[in-house]
Amino acid sequence: MKTQISHQTRLLCLVILVLCGTACKKFLNVVPKDQLTGNNYFKSKEDVESNITSLYSKFFEKINQTQVMGAVGEYRSGEVMVNPLHFKVNEGRIVEALGRNDLHNAIDGNAWRDRYHLWDITNWTTYYQVIQGTNILISKLEEGIPGLGEAEKQQYIGEATFIRCFTYFWMVRIFGDVAYYTNPYQANPLGRENMVSVLNKCISDMKSKMNSMPWTNSDPSKKGSRASRGAAVALIMHMNMWNAGFDPAKKNAYYAETAALGEELMKSNAYSLLPLKNWDLVVKGRSAESLFEFYRSINYGDNVNIDAPIAAPFLRWPFRNPRYDNQVSLFYYTTEYMSKLFPEDLPDKRKEPIENDGWFGDQYGGGVYSGDDKFVMTKFAHNIPASENSAVNPDNTFLIFRYADLMLLRAEALAELGNKDAEAISIVGLVRARAQAGPYDGAGGDELKDFIFMERSRELIGEGQHYFDLVRTGRIMSSKWARHPLNRDQFNRRAWTWPIDHAATNNNPYMSLNDYWESSGL
Amino acid sequence: MNNDHHKFYSMRHFIIAIVLMCCFKATFVHAQTKIKLSGKVTDQTNLGIPGATVFSGSPLKSLTATNGSGEFVIMIESEAELVFKSIGFMEYRVKLKPGQTTILVRLKDNSKEMDEVVVRGYVTRSKQLSTGASTTISGDKVQDVPVSNIEQLLQGKVPGLNIQVNTGAPGFRGTTTIRGISSLSVTGSGSESFLQPTSPLYVIDGVPLDADQASQFGFQQQGPGVSPVSMIPQEDIASIEILKDAQATSLYGSRAAYGVIIITTKRGNSPTPRIRYTLNSFMQKPPKLRETLGGNLERQLKIRQIIENAKSQGDIDRIGSTPFLADSLNAYYNNSTNWQDIFYRTTFNQTHNLAIDGGDQKFNYKTNLNYYKENGVIRNTGFDRYSLTMRMEYKPNEKFSFVGSVFGGIGKTNKGEGLGLLQTGVANNGMASSLLPGPSFFQSTSGVVSALKTKNDNNARNLRTNVEAAYMFLEGLRASTNLSYNFDSNTEDTFTPAAANGQFAKVYAFNGRSDRLYNRSAVTYSKSFGEKHNLFINAFNEIYVEGKQNSITRQERTPNDQFQGPLGYDAYYSRGGGILTDYRNFRSASFAGAASYDYMKKYVVDLSYRLDGTSGSGTENPYSKNPAVGLRWNFKQEDFLSKADWLDMGAIRLSWGMNINPNSSLVDIYGRYNINGNYNGLQGIGIDYGLIPNPNLKPTTTTQYNLGFDIGLFKNTIELTYDTYYKSVKNMVLDRYLSNIAGFGVLKSNDASIVNYGHEISLTVRPLKNGPLTLSFSVNGAINNDVLTQLPDEYNGQMIRWDSNQDYLQHIVYRVGSNTLSNYLRVNQGVYSNNRNVPVDPVTGLPYQTGGRFFEAGDPIFKDVNGDYILDERDYEITGNSQPIFTGGLSTNIGYKNFRLDVYASFTAKRTILNNALADRLRLMKDPFGDRAVVPLTDLDMWMKPGDVAKYPYAYNYTRFGAIQPYRLDQSLWEEDGSYLKINTVTLSYMFDKKLARRLGVQSIRVYVSGENLHTFTRYTGPNPENVTNMGRDASGGYPVPRKYNLGLNVEF
């Protein structure tokens, strides 16, 4: 009797436990209605798409904070000045502070600090958010996502890797050495790593993932605006060229890789240069010339900070409204610089006003050499929305990598390699041909290198590349190339970087800041 | 209760029954004549026991019950055997002698340790067999002083239960911790820093309840909800049991990590319906308020202060341009307003409680109606409670039982314009200059209007139903199921009139609900093998389904004071609202099993194990495990002590157990994804960068060892319980702020650990138990030491929580190896008596300085920790301990005839308090041109002239308040010893003579006077060492704890 009872009891308990055990998992699985938690996300291709969208958008948030691309990539060598006739000339003097490389003043100058708040540039948190986001996305993709085929998965991994590597590259150009990691949910603090090593890691990371992407996105809505193999190649070329400048011992290897990738890119025939008369398509975005850009469109209701595009301060009415505020453009390129860039005696369609498909001036004047009171850069004066009298910028994209940029980068690498001058000249010729400028007829060697540099400055004017070209080629140390050169000591102390927000040292014992800016900035 | 007795004594009863039957048979033939028997049933003090049941026959039949004075009359066969039973007393059997017609029965009460029962895992067990540490408080110890929250009456009654009544806000809870702190999370800043509460789990009549339900937003913002504990009428409480060690709590699972408090309400127990009425009318007085100098005294002091300390003629000239100093004839500036009097008041309040009960063992019922009203000592605050409890129990036979109960209550709180606990607005306005005219019909400041005219109405409605059915399948095997549903609806409406809010009225509305469905199914089995081996098995599972949703509406401007709704007429002034983020949709399922074995009640082994699964921890590994082991040796039962009469009982207990508390949510583990940003025509959904997901988040594990010793001597004259414990709390959640290269803001890490260890002792002495004079005295105390044993690695053993409030900068430091919550302050070493005492940097030749100014005589001596002759943010040091080390209480109960005097006191010792109240008072001196009051400083040991050796720096030199900040709050000058001994309650009661009561037409009358919070003995110089936050900060914006005088009446019909 006794044993029977205990058997029964045990059996009863067992039955209860088994019943509950199976039902419990279901019972305990509550999908929260009020929030989307990570375990209920990444369940379909749509989730991946919307996540990757948020990463692009996150990065763009950073560019959109203020006049970022101009401040980091265009003005710091001093060729851009403020138009004294503009009614906001005092705010505009920020460009002169930038041009003197006086970043402390540029950030904190009383007249402009509230409008431009450049301290935002010194804070890299958002970039690291993008990096965490991509790391998490890649880890989720590697774990496998339902409904995603192997090819698609690899393509998304390639795209996420591009965003990650591009972010590092972008940060390296602004801050120099940065902390590098690729594992998701990185919580422990890290110190900064030598930028050459960071970029080398990014190069190998990107190279191993890029082949899963198509050369260019077949979906026209993603062309240029979303990463492709073309964008990845462009990024690797740029990273190589940067390292070539800072890792001279191995520079030939970097040049060789750039040249080889450039050749591969051009042979893919995925990209082409549009005729100048179709230039409006290039600056609108998603064109055959675009390898990578942050595409913005008023049709999508995209919000663009009025001060964010580099083009904005170089435009005036009728390209910007309201007319009474925009009689003249705020910034101008000095006549001296423009004369150097576009010699008066050489034909070049890019010098022409907008009516003739050129990039400078219009029917009201403001041509390429017009200087302080008239200058207008109509390179980005296309795609003007009907804005009545409200202040709206032209509806242009934020170009990052453009085909012409990469062609010239390839030419530069070839010229640097020393024995491929002819090839380099022919590539430069292609870019110049589009501008209906005469072919290069000078000698090889240094003259060719200098010419390619000038050609990059011409072709990419206002695209935020000029200062980085000066830095990576070391030309920033010569007054021949820069109106405000750095001396070698300043260069070695990384005067070309930006100061880093002191918040970086919070909770991070390994963190160091940019000494140049922490000492005096002189 | 009785049921269990049956179980344990069934064997003995059986034998007795057989013996008795033989006797019956023997007597059956002889006597058949019925006699009239009259008698009285009394307790040990000769007081009649009403409602005691008289049984006779075989099987036992209930014949009658005693009346209000314990008397009865029955017709019965002569020489019959009678059985007397009454709850709370030992059963008594007697056989009538031939010819006996009167009987006096004196029942022994079974409050003796040996016969007490305890609740373990929702079933009652004999305390004699329990291995865990717990304390039981009978309901009559929490009567006689009306309180809105019964917790405060437990203060000082249970060793190891540290209750600090740190707010006088009506309807709010103080802090309750069992065996030290278990949390590191501090919210808020400055005086408003609060340690996240870790309240014990409350189990009310078998239904678990979260005491903190209403305060999800942290301690200082309780939301509109009233704690469920505040909803329980004290008159309805039969007993309270506090479970402390892991063996006792482990069966309650994760929720019991901070201890368990079990409240049992009264049952119906009277064959004739009984009506009991309790009336309390009490007066609440605010404590002594801050002394201020009024009227002309204030003006004179301010002017003298300026003249004596002015740095330039301009300062002196400024008196002329400050009208309220210069223009003393102007009626507007010629007042002596007592501002504090405008806000604080003495209130009169009443509570009524009506309890009706009836029934017997088979069927009983009770109803309790309660009304409680308390007007706060701060005007425009208060708490009202209306509640109704009904319970019925039906037990048609030994096998089946059914219990149903309903509780409904409404709690209405008025928080005024404050948050309840904090009344910063009142505190701030109470410091206004006395020269200004008081509020009147024509004019009033917005602060005054805000404090007095803000309409705040909080309603917490609570409905709790509970049904329990049990069936005994076989002898010893019992299955039961309990289903309960709990629903809360909370609303808050605050209307701020235009005059209080920049000429625009403002409306805030909160609307929330929460519900819980709870089910428990249990199987218990008890069996004895061969007289000596006893086995008891208890297995049950619990299921919770919980939901909560709160929403708010805020309208910053409404058209006028008459328009208080409907809300939302103007989108521009609507300040958001909608569903709050504390939405909850939660489920949990638990399985628990316990086995208890004893050998002749001498050696006891308890084993228990519980699995808790919650929907919050994800489906991958949802279960946390709570094991426990307990051992007990009742050494009194040993042969060699069986003859020791002086020893009533003696036992040694040893237990080990773990409570594993999954503290993670799905968001913590997997992160939250938000809709954010769009790009290229697509909507982005990205991770929320506030909190980094931590898939490795481990549950907080509390491991506890307990060694206990119980002894009872000389027939319960002396009872002693001693426990020592070691409690290690591992994997505590600590927010780690990340470096910005991580992109995320905070990591919920669980690399922090605390150890609490200590001793608890409780001693009761009853020198006089019988006779007209009874006396009992008890004392209990606990020592708890807490040590921080681990922090996340990167802190290298020290983490500083910087105070974000720039006015306070009272930082907190967590240092491994020291007590958990220390202050991080500048060390004050006195006052520079002369200028030559200021140290001079031998390198630069400059005196010790701060903020560009050199220290002088009369300035405080701050320790220059790094020795650089400059006082800056590097000169902080670890100091103090905000948590008390000793807590305990004393009680004395004296009875003489119908009089009774009960005195309860509690004490707290070795605790550091930051006397911010004093600091605020002294800082009133910083601006003699301002419109703040001034306070008399003559009673302070303050530096007045060169050569003085003083404690407090010179307060009158207002020009030094800027750079030197002699009264800065981040200094150890404010650290004071917060030890105190408080006379909690004193009750003097008188029970009217039965005959007199009868003549008035009632069964009994009892009247009493009582007082609460009567006096606090302390060396602390602030207002009240208890009325401080749980971080030991005396916020002058807190709600003062009032003094209470009560006149009460109990009547039974």
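Two strands are taken to pair where DSSP finds at least two bridges between them. On that basis, this predicted model contains a sheet in chain B in which four strands are arranged in the order 40-41-42-47, open and with antiparallel pairing.

**Sheets of chain B**

From one strand to the next, the twist averages 35°. Within this sheet, strand 41 (residues 811-815) and strand 42 (residues 822-825) of chain B are joined in the antiparallel sense by three bridges. The residue of strand 42 that lies opposite B:V813 is B:S822.

A further open sheet of chain B consists of three strands in the order 4-1-7, and its pairing is mixed. Strand 4 (71-77) and strand 7 (102-106) of chain B each have a single partner strand, so one side of each lacks a neighbour in the sheet. Strand 1 (residues 34-42) and strand 7 of chain B run parallel and share five bridges. B:S38 has B:T102 of strand 7 as its bridge partner.

| Strand pair (chain B) | Sense | Bridges |
|---|---|---|
| Strand 41 and strand 42 | antiparallel | three bridges |
| Strand 1 and strand 7 | parallel | five bridges |

**A helix pair in chain A**

Helix 16 (residues 403-417) and helix 18 (residues 445-459) of chain A pack with their axes 9 Å apart, at an angle of about 170°. Because angles over 145 degrees count as roughly antiparallel, helix 16 and helix 18 of chain A are assigned to that class. Helix 16 contributes A:A404, A:D405, A:L408, A:L409, A:A411, A:E412, A:A415 and A:E416 to the contact, while helix 18 contributes A:L448, A:K449, A:I452, A:E455, A:R456 and A:E459. Classified by type, the contact between helix 16 and helix 18 of chain A comprises seven nonpolar and seven charged residues, with no polar ones.

**The interface of chains A and B**

The size of an interface is often expressed as the accessible area lost when the parts come together. Between chain B and chain A, about 5,100 Å² is buried, and carbon and sulfur atoms give 64% of this area. The contact involves 55 residues of chain B and 67 residues of chain A. Of the area that chain B buries against chain A, 18% comes from B:Y673, B:Y679 and B:I741, more than from any other three residues. The number of salt bridges between chain B and chain A is zero.

Notes: Residues are numbered from 1 along each chain as its sequence is written. Chains are lettered from A and ligands numbered from 1 in the order in which they are written. This is a predicted model: local features need pLDDT of at least 70, side-chain atom pairs count only at pLDDT 80 or more; totals for chains, interfaces and linings use all residues. Side-chain values use heavy atoms; hydrogens and water are left out. Axes are lines fitted to C-alpha atoms, for helices over the stretch in contact, and angles run from 0 to 180 degrees between N-to-C directions. Helices (H or I, at least four residues) and strands (E, at least two) are DSSP runs, numbered from the N terminus. Angles under 35 degrees count as roughly parallel, over 145 as roughly antiparallel, 65 to 115 as roughly perpendicular and the rest as oblique. Contact means heavy atoms within 4.5 Å. Ala, Val, Leu, Ile, Met, Phe, Trp, Tyr, Cys and Pro count as nonpolar, Asp, Glu, Lys and Arg as charged, and the others, Gly among them, as polar. Buried area is the accessible area (1.4 Å probe) that two parts lose on being put together, summed over both. A salt bridge is a side-chain nitrogen of Lys or Arg within 4 Å of a carboxyl oxygen of Asp or Glu.
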